[in-house]
Amino acid sequence: MGKSFGVITKTLVLLVLIAQIVKTEDKVGKKEQKPKKDLRDYTDADLERLYDQWEENDDEPLPEDELPEYMRPPKEGPPINFDNVGNMNPDDIMKMTKKGKTVMMFINLSGSPQRHESEELTSLWQGALRNNHIQAERYVIEDTRAIFLFHDGAQAWDAKTFLLEQDGIAEIQLEGQAFPGKGTKAKAKSKVEL
Ligand SMILES: *[C@@H]1O[C@H](CO)[C@@H](O)[C@H](O)[C@H]1NC(C)=O
């Protein structure tokens with residue numbers, strides 16, 4: 001069980017635990033004639049210890065669907081439908097699996113631009129993407145290298161399609177795949193001639 005559920009839930013669980021433990025200590029107390037421990041005597045450290053104890057003893061957890069909603073493990077992204085994967089191209093498959101997830105794109109700029117030129121160029125691309133409702137955070141990390149960060153990873157592949165049509169990109173790296181850019185106009189031309 002993760003510790004991710006809220007403070008209120010945790011407090012409620014602790015109160016139930018304490019009630020049980022106080023009951024148990026009551027019985028023991030009767031035998032040993034010990035005064036019962038008041039709930040208010042429990043320190044934060046006591047509570048933490050009780051909670052850990054309870055977590056350790058919780059070796060037979062309820063099946064997931066019998067747990068109350070707030071205790072179920074979080075679901076990861078929308079379920080992936082593999083029915084049509086055979087008809088999809090690799091980009092579409094990647095888009096589907098990265099929907100709603102953060103994706104980083106590395107861009108190598110072509111030529112030898114200075115930092116401020118790279119800032120300008122990547123900023124233009126960022127603006128053009130934004131006009132097409134593609135949101136990317138932009139970081140120039142070296143004179144010739146930038147990162148575009150997409151919070152909806154699916155958009156990264158649309159951005160790649162756009163960026164590969166622009167001059168000034170030597171290469172784009174996306175999820176371990178490298179895509180050659182057009183480079184400069186001159187370079188693109190010499191490529192065609194080769
Ligand atoms: C892209 O940049 C990285 C890091 O600077 C470099 O290792 C890699 O060779 C570059 N790739 C191309 C095609 O320029």
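The model is predicted: local features need pLDDT of at least 70, side-chain atom pairs count only at pLDDT 80 or more, and totals for chains, interfaces and linings use all residues. Residues are numbered from 1 along each chain as its sequence is written, and side-chain values use heavy atoms, leaving out hydrogens and water.

**Ligand surroundings**
- Polar contacts are pairs of N or O atoms within 3.5 Å.
- The side chain of N108 has an N or O atom 2.4 Å from a ligand oxygen atom.
- For R145, a side-chain N or O atom is 3.1 Å from an oxygen atom of the ligand.
- A nitrogen atom of the ligand lies 3.5 Å from a polar side-chain atom of E171.
- Of the 370 Å² of accessible area that the ligand has on its own, the protein covers 43% (Shrake-Rupley method, 1.4 Å probe).

**Residue Q126**
- Q126 belongs to helix α4 (residues 115-131); helices are DSSP runs of H or I with at least four residues, numbered from the N terminus.
- Q126 counts as buried because its relative accessibility is 14%, the cut-off being under 20% (1.4 Å probe, protein chains only).
- Beyond neighbours within four places in sequence, Q126 contacts A136, E137, R138 and F148, contact meaning heavy atoms within 4.5 Å.

Key: Polar contact = N/O pair within 3.5 Å; in protein donor to acceptor, adjacent residues only side chain to side chain. Helix = DSSP H or I, 4+ residues; strand = E, 2+ residues; numbered from the N terminus. Buried < 20%, exposed > 50% of the residue type's maximum accessible area, 1.4 Å probe, protein only.
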